[in-house]
Amino acid sequence: MTRRLVPRVNAGSMADIAFLLLIFFLVSTTIETDYGIGKQLPPIEDVQTDIVIKEKNLLEVRLNQNNEISVDGVKMNISKLKEVVVAFLDNGGGSGNESCEYCRGKHDAISSDNPGRAVISLANSRETNYATYIAVQNELTAAYTKLRNREAKRMYGVSYSEMKSNLQKTRNRDQILELNEKIKAIRSLYPERISEIMPVDSY
Amino acid sequence: MSILKNKRNKALPEISTASLPDIVFMLLFFFMVATVIRENVLMVENEMPMANQIEKLDKSDLVMYIYAGKPSSRYRSRVGDQARIQLNDKFADVGDIKAFVMAERASRTETMIPFLTTALRIDKFANMGLVGDIKNELREVNALKINYNTRIDNNPD
């Protein structure tokens, strides 16, 4: 009886095919995910109501057409901005009902009463560069984050940024609810109050 | 003795390449899973500014993209070199944003609409006039959740 040999399929070209596919996916891959500064736009209100904000509770940040930054009329370098904003938000100059126990600022009477009252007004020219605007937004967000981190550390022993990144990682329902609750509490201590004015042609 | 024997046996055994496809397939599957094929072909220059106070946009099905910037060099002869908006695969005007948002909303379920985020992918050399116009249009259609897409700046502070 003769043994019939089954011819073996040559698998050598399999690698070539797989390589071809591999190269296609290598080229078309963009592993990067989207990152950015999240913001909430104010809704358009039908009835215009005038809200009176005390002068001392307002920090005016202006960006002109030459990409120069001025805060309350004083020209400023971007590297100083965060410091100034932190000092303004954390001032806690109010007394009685308006006082702020957790603020560690100078308690200056001519600066903001408490973080809940402090408003940053951001205005830019139509000619302002987008990169400058983002840099300023970044610094403003950084100032809020710095203060929130401090309070979160004090209250829960974990910084605000850590809580936020934990929230994105976790799948546990109870943990999500707990973290959301904490984040909300911290946000209410330093609510982000940035008011943007429609771009004007120039200053 | 054994060494001597080996020396006499001159022909080396051929290295088997049978496992090569397996290795390549493994890599292939990794890239297949990790791949996000670009939905839109960029027609504008889109180098985004740097920032470090950033958050991740997690669910891509809850994001709609608005691109803006100067037209890429090959479209410049046709549309000029002023900064333009790109929606899906076309150049668009500020007035088209409303229709775009409505179309994006219509393609999603009712429950997803409140969580829909608009990602603004704007070139860093664009001016704020254009960005302001886009934001105003978004406010008018009540698409208030936005995200200024940036690149990650790893410098601390």
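Helices and strands here are DSSP runs numbered from the N terminus, with helices being H or I runs of at least four residues and strands being E runs of at least two. This is a predicted model, where local features need pLDDT of at least 70, side-chain atom pairs count only at pLDDT 80 or more, and totals for chains, interfaces and linings use all residues. Residues are numbered from 1 along each chain as its sequence is written, chains are lettered from A and ligands numbered from 1 in the order in which they are written, and side-chain values use heavy atoms, with hydrogens and water left out.

**View 1. B:Met112 in its loop.** B:Met112 sits in the loop of chain B between α4 and β6 (117-122). With a relative accessible area of 22%, B:Met112 is partly exposed (buried is under 20% relative accessible area, exposed is over 50%, and partly exposed is in between, using a 1.4 Å probe and protein chains only). Setting aside residues up to four places away in sequence, B:Met112 touches B:Asp61 and B:Leu62; contact means heavy atoms within 4.5 Å. B:Leu62 is 50 residues from B:Met112 along the chain, yet their C-alpha atoms are separated by 7.1 Å.

View 2. Chain B has five helices and eight strands, and from the N terminus on they run α-α-β-β-β-α-β-β-α-β-α-β-β. Of its 157 residues, 39% are buried. Look at contacts in chain B with a separation of 6 or more, and 73% of them come from residues 24 or more positions apart. Zoom in on helix α4 (residues 97-106) and you'll find B:Glu104. B:Glu104 has a relative accessible area of 15%, so it is buried. Beyond its neighbours within four places in sequence, B:Glu104 is in contact with B:Met64 and B:Asn88.

**View 3. Where chain A meets chain B.** Chain B brings 54 residues to the contact and chain A brings 46. About 4,500 Å² is buried between the two chains, and carbon and sulfur atoms give 62% of that. (Buried area is the accessible area, with a 1.4 Å probe, that two parts lose on being put together, summed over both.) On the chain B side, B:Gln53, B:Met128 and B:Tyr148 supply 16% of the area that chain B buries against chain A, more than any other three residues. Leaving out residues up to four places away in sequence, A:Gln40 touches B:Leu144 and B:Lys145. A:Gln40 still counts as exposed, because its relative accessibility is 57%.

**View 4. The largest pocket.** This pocket has a volume of about 1,900 Å³. It is lined by 46 residues, and those nearest its centre are A:Lys164, A:Gln168, A:Arg187, B:Glu55 and B:Lys56. Elements giving two or more residues to this lining include α3 (130-156) and α5 (173-189) of chain A, along with β7 (145-149) of chain B. By class, the lining has 16 nonpolar, 14 polar and 16 charged residues. Ala, Val, Leu, Ile, Met, Phe, Trp, Tyr, Cys and Pro count as nonpolar, Asp, Glu, Lys and Arg as charged, and the others, Gly among them, as polar. A pocket is an open set of points on a 1 Å grid over the protein atoms alone, where a 1.4 Å probe fits, with protein on both sides within 12 Å along at least five of seven lines; lining residues have an atom within 4 Å of a point. Points are joined across faces, edges and corners, and the volume is the space filled by probe spheres set on them.

**View 5. The second largest pocket.** Here the volume is about 1,200 Å³. Of its 32 lining residues, A:Pro42, A:Ile194, A:Ser195, A:Glu196 and B:Arg139 are the closest to the centre. β6(A) gives the most to this lining, with six residues. The classes come out as 16 nonpolar, eight polar and eight charged residues.

**View 6. Two loop residues with positive phi in chain A.** Most residues other than glycine have a negative phi. A:Asn67 is not a glycine, but has a positive phi of about 60°. Its place is the loop between β2 and β3 (69-71). A:Asp72, in the loop between β3 and β4 (74-76), also has a positive phi, near 50°. A:Asn67 is partly exposed at 32% relative accessibility, and A:Asp72 is partly exposed at 41%.
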